[in-house]
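Q: I would like a close look at one part of this model. Please keep to the packing and what surrounds it.

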Amino acid sequence: MDFLSEHSPELLPGNRPLPPVQGAIEAPHGTTIVAATFPGGVVLAGDRRATMGNVIAQRDIEKVFPADEYSAVGIAGTAGLAVEMVKLFQLELEHFEKVEGAQLSLEGKANRLSTMIRSNLGMAMQGLAVVPLFAGFDVDREKGRIFSYDVTGGRSEETGYAATGSGSVFARSALKKLFRDDFSENEAATAVVQALYDAADDDSATGGPDLGRRIYPIVTVITDEGFKRLTSDEVSEIARAVHERRLEQPDGPRAALL
Amino acid sequence: MSTPFYVSPQQAMADRAEYARKGIARGRSVVALQYADGVVFVAENPSRALHKVSEIYDRIAFAAVGKYNEFENLRIGGVRYADLRGYTYDREDVTARGLANTYAQTLGAIFSSAAEKPYEVELLVAEVGATAEDDQIYRLPHDGSIVDEHGSVAVGGNADQISTYLDQHHRDGMSLGEALKLAVESLSRDNNGGERTLTPEQLEVAVLDRKRPQQRKFKRVPSSQLSRLLASEGSSVGATEAGSAEEPESGTSGAETGSERSEGSEE
């Protein structure tokens with residue numbers, strides 16, 4: 001990034017002059033991202049909807065990307081800016097790894113992302129915010145970790161589970177009731193799909209599993225073996241199972257009262 | 001004040017070339033060979049941290065002999081060139097040809113500039129394609145020329161002898177095990193026809209493997225796996241083993257000293 005800012009500053013998101021407009025610009029927005037840890041790793045998942053005002057701009061957008069071998073970013077907010085930010089982030093991690101011959105620490109990666117969000121603050125003030133969720137497997141501490149951000153680049157590590165985007169309130173509440181710290185990989189994947197289902201249930205901007213078009217959430221798993229994205233068959237199995245149960249219990253699994 | 005005496009341009013260039021060649025010839029050699037699934041690099045290099053072979057981009061790798069600080073400079077330049085290209089346009093648009101061209105320009109400019117000493121380096125830039133026919137290997141000598149190589153190539157130390165040996169024995173479609181064996185045989189041949197024994201610990205091996213599922217096709221072969229491959233009598237088992245054992249390279253190369261040249265690697 002340092003090299004880029006010297007050599008081709010116009011390629012960096014933060015260095016562009018802001019358009020002199022008042023009010024929000026209509027651009028596609030991504031919505032809900034959720035993450036949950038389990039012993040041995042972390043899952044990061046996102047719904048597939050992008051909205052522009054009250055219109056669904058895209059039904060099958062992908063909002064979860066591998067950042068490198070051991071981490072992933074899920075993006076909520078202005079899709080165009082967010083995708084560019086992820087691209088630059090991926091580039092930077094890979095560049096560092098090649099030049100130095102070693103990977104950045106997970107903390108280092110999280111801090112780097114924080115700076116990149118902060119550089120977008122001007123745009124965020126005009127309504128073009130980008131708020132990602134960063135999850136990765138910490139090779140040194142041998143566990144999955146989640147970092148969440150706010151628009152100003154503030155970074156906080158989450159324990160257990162986290163969500164970001166317009167449906168995050170509902171998704172987080174759902175995960176709060178479902179989360180257990182002895183999840184298996186598959187249970188964690190099911191929990192995040194449940195959370196996305198609840199988010200789609202109550203937030204108009206979040207898309208639920210689209211069984212008709214076979215568009216399912218993107219679920220990624222990061223363990224000591226690295227990043228892996230569940231195939232659409234694997235996710236469809238989980239999503240169908242969740243859907244099947246919801247036909248009987250529309251509000252999803254009930255938690256014990258006490 | 002002494003008057004500078006006249007040196008003909010031919011003589012000046014010849015002197016510079018001689019100087020660079022001598023520097024390169026002092027170091028140990030690196031060979032690159034095409035095999036069935038890509039390109040394998042084998043370097044004699046006792047150091048685990050200071051690499052002679054490294055990744056540039058998805059399908060492109062770099063190998064060098066000569067002075068460490070000089071080729072390390074060029075390597076970082078290459079990584080920057082490739083990453084910037086890939087970010088500005090697309091990952092597809094980063095090619096070995098473009099990179100080799102840039103290297104040639106740099107080396108050529110340094111070689112003919114009277115103010116600088118010529119770089120004592122010789123580079124290899126290779127790219128794997130979808131099939132063996134699409135593989136490209138470029139050799140870049142110290143003066144900035146480019147040589148398009150096929151099948152096998154050697155640089156450094158007694159490169160002439162080694163490449164003659166390789167040319168005689170290399171054939172298309174070798175398995176990884178076979179190619180490695182040939183490379184080690186060629187490297188262990190001495191100036192005066194004798195043979196030395198090279199242990200896996202003295203070798204740095206990396207492959208560009210087109211069968212690798214990841215986007216980045218470059219992979220280092222650790223010495224434990226190398227011993228297995230060399231012992232496997234060139235059977236095709238070796239090739240599958242290489243594909244399955246995925247290890248990120250961070251483990252071995254974490255402690256880079258950077259300032260020092262590895263002993264024995266150039267002297």
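Which residues have the most contacts inside the largest nonpolar core? Please go on from there to the sheet and the helices around it.

A: This is a predicted model. The largest nonpolar core has 74 residues. Those with the most contacts inside it are A:V34, A:A35, A:V43, A:V192 and A:A195. Helix α6 of chain A, residues 185-202, gives the most to this core. Its share is ten residues.

Take A:V43 next. Neighbours within four places in sequence are left aside here.

Now A:V34. Its bridge partner in β11(A) is A:A163. Strand β2 of chain A spans residues 33-38. Four bridges join β2 to β11(A), and the two strands run antiparallel.

Both strands belong to an open sheet of five strands in chain A. The order is β11-β2-β3-β12-β13, with antiparallel pairing. The edge strands are β11 (161-164) and β13 (226-229) of chain A. Each of these pairs on one side only. From one strand to the next, the twist averages 15°.

Helix α5 of chain A, residues 168-178, packs on this sheet. It touches β2 and β11 of chain A. The direction of α5 makes about 165° with that of β11(A).

How values were computed:
Residues numbered from 1 in each chain as written. Chains lettered and ligands numbered in written order. Predicted model: local features only at pLDDT ≥ 70, side-chain atom pairs only at ≥ 80, totals over all residues. Pairing = 2+ DSSP bridges. Axes fitted to C-alpha atoms, helices over the stretch in contact; angles between N-to-C directions. Contact = placed C-beta atoms within 7 Å. Core = buried A, V, L, I, M, F, W, Y, C linked by C-beta atoms within 7 Å. Buried ≥ 20, exposed ≤ 12 C-beta atoms within 10 Å, placed from the backbone.
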